[in-house]
Amino acid sequence: MIFAVAEYWDRFGFSPENLMERAHEYSKQAYAPYSKFSVGAALLTEEGEVVGGCNVENASYGMSLCAERVAMSNAVLRGCRRPLAIAVASSHPAFCPPCGACRQFLSEFNPDIDVLLSVDGQLAIYRLDSLLPLRFKLDIA
Ligand code: THU
């Protein structure tokens with residue numbers, strides 16, 4: 001867990017708490033009729049823009065999309081290639097760390113992205129690298 005707050009928050013006049021609030025807002029847009037577990041993700045780009053995502057489920061369960069991947073894809077569409085931070089929030093008071101697939105997906109763009117989570121009502125910041133050691137990289141000559 002990282003307690004030192006990165007310099008970019010001041011630069012953008014934005015706080016980790018602000019990003020977490022946005023994640024909570026985005027979770028209200030979730031389409032989660034099957035699990036009833038709504039997730040929102042708020043991603044901070046290098047330009048200081050906040051891009052959102054929510055989970056989008058499907059009757060064919062395996063096709064469901066996680067909030068983090070929706071947010072990252074949304075950010076790519078806007079030209080973002082190196083996100084700085086992502087906050088994840090769920091409709092439940094439960095701890096909601098990104099699933100393994102989302103960790104790998106985010107690591108493609110920034111293996112050191114700050115991952116903001118709400119733990120027992122307290123905000124915690126993890127570096128993605130610590131949540132996904134030995135990530136898969138396509139090292140081909
Ligand atoms: N979910 C996310 O949106 N992000 C995660 O990192 C884990 C799980 C969603 C997928 C599914 O719609 C619901 O939460 C229950 O698993």
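This is a predicted model: local features need pLDDT of at least 70, side-chain atom pairs count only at pLDDT 80 or more; totals for chains, interfaces and linings use all residues.
Strand β1, which spans residues 39-44, runs antiparallel to β2, and five bridges join the two strands. Within this pairing, L43 stands opposite V51 of β2. The two strands form a hairpin with five residues between them, where G48 adopts a positive phi near 85°. Strand β2 is mostly covered, as five of its five residues are buried. In a regular strand, side chains alternate between the two faces of the sheet. In β2, both faces are covered: V50, G52 and C54 are buried on one side, and V51 and G53 are buried on the other.

The loop between β2 (50-54) and α3 (67-77) contains V56. The relative accessibility of V56 is 33%, so this residue counts as partly exposed; the partly exposed class lies between the limits of 20% for buried and 50% for exposed residues. On the surface, V56 belongs to a nonpolar patch that also includes Y31, Y34, Y61 and L65. Together, these residues have about 520 Å² of accessible area.

A polar side-chain atom of E68 lies 2.7 Å from a ligand oxygen atom. For C99, a backbone N or O atom is found 2.9 Å from an oxygen atom of the ligand. The ligand taken alone exposes 370 Å², of which the protein buries 78%.

Note on methods: Residues are numbered from 1 along each chain as its sequence is written. Side-chain values use heavy atoms; hydrogens and water are left out. Patches are made of residues with over 30% relative accessible area and no salt bridge: like charges are joined within 9 Å, nonpolar side chains (Val, Leu, Ile, Met, Phe, Trp, Tyr) within 5 Å. Accessible areas come from the Shrake-Rupley method with a 1.4 Å probe; for residues, only the protein chains shown count as cover. A salt bridge is a side-chain nitrogen of Lys or Arg within 4 Å of a carboxyl oxygen of Asp or Glu. Helices (H or I, at least four residues) and strands (E, at least two) are DSSP runs, numbered from the N terminus. Buried means under 20% relative accessible area, exposed over 50%, partly exposed in between (1.4 Å probe, protein chains only). A polar contact is a pair of N or O atoms within 3.5 Å; within protein, one must be able to donate a hydrogen and the other to accept it, and residues adjacent in sequence count only if both atoms are side-chain atoms. Two strands pair if DSSP finds at least two bridges between them.
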